[in-house]
Amino acid sequence: MKYEVAISREHRYGTDSILLSDFALASSLKNKTAVDLCAGCGIVSFMLCESGAARLYAVELLTDAVELIERTNRAHGLDVRVIQGDLREEQTLARIGREAVDLVTANPPYFTQGSGFERGSPTQKSARYDGDCTLTDVVAAAAYLLKFGGTLKMCMAAARLAECIGIMQARGIEPKEIVLIGAQKTNKARLFLISGKKGGKAGVITTWK
């Protein structure tokens, strides 16, 4: 990572964000427009800064996370364009534009509300549980933003793979690549990376990492 990204006790990043960034960088972004939804401290956007993309946007709801993104921008003279707002609202997405984007990345909350004991601070719960935005909300936002032929790339908990595929297909985004991420000391997947093409034909490649 070339840039030191500002983090806080409430907003930091983990291995899943690094995996998603590398997955996104597998495709050429030269002269293209990319948007990271549920951006948090902006780690994915900042990792894409060396990609040659013409424009990079980070969409984030929480003010303290937006402030961290702006701090990293100032510290390194970068131009990740921060959109603070609710991705469920068209007025937030319209600031970028309908069907204006080549790539959308997202690391949405992994757990549905009521699926277990919700631990952590309100901010941590917002990042882990889908009270502020669901997987369906994120895919719907991506479908709004993406050009025909544009790509959505996400990281999600392995248990939600079938659900994720169904949600993407319902919004006209066809899964094209799935990478299963193994858990330590077991032969089970804990996460998956998924790439889908808006308006794409059926056919998916699945690999294991």
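This is a predicted model: local features need pLDDT of at least 70, side-chain atom pairs count only at pLDDT 80 or more; totals for chains, interfaces and linings use all residues.
## Basis

Local features need pLDDT of at least 70, side-chain atom pairs count only at pLDDT 80 or more, and totals for chains, interfaces and linings use all residues. Residues are numbered from 1 along each chain as its sequence is written, and side-chain values use heavy atoms, without hydrogens and water.

## Strand E1

Helices (H or I, at least four residues) and strands (E, at least two) are DSSP runs, numbered from the N terminus. Strand E1 spans residues 33–37. Five of its five residues are buried, that is, under 20% relative accessible area with a 1.4 Å probe, protein chains only; exposed is over 50%, and partly exposed lies in between.

In a regular strand, side chains alternate between the two faces of the sheet. Thr 33, Val 35 and Leu 37 point one way from E1. Ala 34 and Asp 36 point the other way.

E1 has parallel partners; pairing takes at least two DSSP bridges. Strand E2 (residues 55–60) pairs with E1 over five bridges, and Val 35 stands opposite Tyr 57 there. Strand E4 (residues 101–106) pairs with E1 over four bridges. Ala 34 stands opposite Leu 103 in E4.

## Helix H1

Helix H1 covers residues 15–25. Its buried residues include Leu 19, Leu 20 and Phe 23. The buried residues of H1 pack against helix H2 (43–47), E4 and strands E5 (146–157), E6 (173–182) and E7 (189–198), with contact meaning heavy atoms within 4.5 Å.

## Cysteines

A disulfide here is a pair of cysteine sulfur atoms within 2.5 Å. The count is zero. Cys 49 counts as partly exposed because its relative accessibility is 22%. Cys 155, at 0%, counts as buried.
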